[in-house]
Amino acid sequence: MANAFRKATHEQTRVHNRCLVLKIIYDQERISRAAIARMTQLTRATVSTAVGDLIEDGLVREVGLTSSTGGKPATLLSFVDDARHVISLDLANREFRGAVINLRGQILYRKNVPILPTDRDGTLGLLSILIDDLLREATRPVLGIGIGVPGIVDIEQGVIRHTIHLDWQNLALRAILAARYGLPIHMANDSHAAAIGEYMFGPYEDGASLLVLRIGPGISAGIVLNGSLHYGDGFAAGEIGHVSIQHNGQVCRCGHIGCLETLVSRKVLLESARAIAASDPDSKLHQFAASPDAICSTDIVLAAFSAGDQAICNLIAGMGRHLGMAVATLVGVLDVQHILVAGSMARFGEALLNPMRLEMERCVHYELAKHVRISPSYLGQDIVIQGAVALVLSKELGLA
Ligand SMILES: [Zn+2]
């Protein structure tokens with residue numbers, strides 16, 4: 001028993017050291033074994049063993065020598081970006097988005113399929129067809145499949161507890177896909193995935209905290225605290241869209257009154273724009289839509305906004321202020337300094353972000369507010385796809 005325990009501990013230490021060394025090599029362009037030993041405080045022998053394992057696995061390669069400054073030049077190591085491919089999926093509202101991505105987050109192939117109205121088996125079949133296609137396009141061994149799900153995902157059980165647009169309540173998706181593909185499957189709520197993707201691929205220091213606010217059909221946030229994704233006790237951390245912020249507001253689809261989503265969302269944007277077009281014959285919206293009913297995409301509203309429509313500018317500013325109120329609470333609780341805005345509403349840029357910033361500053365203590373940066377997400381439209389890759393890299397290689 002004691003022997004078995006020692007063996008297990010030894011193996012855990014070896015895996016831990018390997019992850020530590022791999023992370024350093026991943027973060028540096030080129031680095032020597034001696035420099036890794038200095039940075040990790042591991043012995044040269046331990047670093048050499050870990051590097052040997054990583055070279056054997058094809059994840060690291062030797063790429064040349066340091067320029068000599070008198071002593072013996074050292075061999076430099078580099079991460080192999082294409083050592084493995086990852087299958088990444090964003091189960092978005094109207095379509096399943098898939099991609100084959102290398103270990104640096106570079107998208108090599110992508111395919112989107114529209115979700116047709118069908119039952120659970122139908123949508124699962126559609127997902128399998130998409131994954132089959134992506135696997136055919138992967139030209140390296142596949143490290144795993146990462147999935148961002150718009151709903152509540154029990155990441156311990158690998159079960160989707162709830163989604164709004166799919167009939168997938170209490171669906172053991174991880175077991176289903178693992179049985180079919182024999183690959184590691186990692187899933188998370190899409191905003192949670194987005195946050196870990198932003199942290200991994202964005203310009204943030206190691207151990208940073210950040211909050212990604214995704215605004216599209218609904219609003220939710222993903223939270224990274226000191227470099228770790230915060231899931232919450234029920235895997236629903238950051239579900240702020242249904243927090244009521246207006247006592248005498250509208251009834252929300254969840255049954256509550258004055259939820260943030262009744263004030264800010266793509267649906268509210270389009271409905272408000274239609275009302276503006278209907279009441280104002282001079283609205284610039286008429287240049288881009290034949291009638292108020294034809295205003296059915298953010299693109300149309302964005303075009304009128306870019307043309308200088310004042311009512312649309314005011315509408316966006318109002319939404320920014322509501323977001324600022326909601327974010328102020330999160331800043332007050334978490335003291336997070338990076339707030340990133342993603343989703344279709346982020347396309348309005350400073351017209352949305354500036355009022356949001358001002359309202360946040362008005363609502364939260366100056367000492368907290370002065371450090372907060374509110375900006376568009378670094379990853380933009382592909383944030384969930386990149387986030388699903390980050391889940392796999394984090395769980396399989398310890399890279400986040
Ligand atoms: Zn609600």
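Reader: What volume does the largest pocket have?
Author: This is a predicted model, where local features need pLDDT of at least 70, side-chain atom pairs count only at pLDDT 80 or more, and totals for chains, interfaces and linings use all residues. Residues are numbered from 1 along each chain as its sequence is written, and side-chain values use heavy atoms, without hydrogens and water. A pocket is an open set of points on a 1 Å grid over the protein atoms alone, where a 1.4 Å probe fits, with protein on both sides within 12 Å along at least five of seven lines. Points are joined across faces, edges and corners, and probe spheres set on them fill the volume: for the largest pocket, about 1,400 Å³.

Reader: Which element gives the most to the lining of the largest pocket?
Author: Lining residues have an atom within 4 Å of a point; here there are 49, with N93, G216, P217, G218 and R266 nearest the centre. Elements are DSSP runs numbered from the N terminus: helices (H or I, at least four residues) and strands (E, at least two). Those giving two or more residues include β5 (95-102), α6 (190-201) and α12 (383-397). With five residues, the top contributor is α7.

Reader: Which elements give two or more residues to the lining of the second largest pocket?
Author: This pocket holds about 230 Å³ of space. Its lining has 17 residues, and K23, D27, Y199, M200 and D206 lie nearest the centre. The elements are α1 (2-27) and α6.

Reader: What geometry does the site of the zinc ion have?
Author: Donors are N, O and S atoms within 2.8 Å of the metal (3.2 Å for Na, K and Ca). H242 (ND1), C252 (SG), C254 (SG) and C259 (SG) coordinate the zinc ion at 2.1 to 2.3 Å. Four donors pass as tetrahedral if all angles lie between 85 and 135 degrees. Here the angles among the four donor atoms are 101 to 127°, and the site is tetrahedral.

Reader: Is C259 buried or exposed?
Author: Buried means under 20% relative accessible area, exposed over 50%, partly exposed in between (1.4 Å probe, protein chains only). H242 has 26%, so H242 is partly exposed. C259 has 0% relative accessibility, so C259 is buried.

Reader: Which residue in β15 is the bridge partner of I339?
Author: Two strands pair if DSSP finds at least two bridges between them. Strand β14 (residues 338-342) pairs with β11 in the parallel sense over five bridges. Four bridges join β14 to β15 (residues 373-376), also parallel. In β15, the partner of I339 is I374.

Technical notes:
Tetrahedral: all angles 85-135°; square planar, octahedral: opposite > 155°, others 65-115°.
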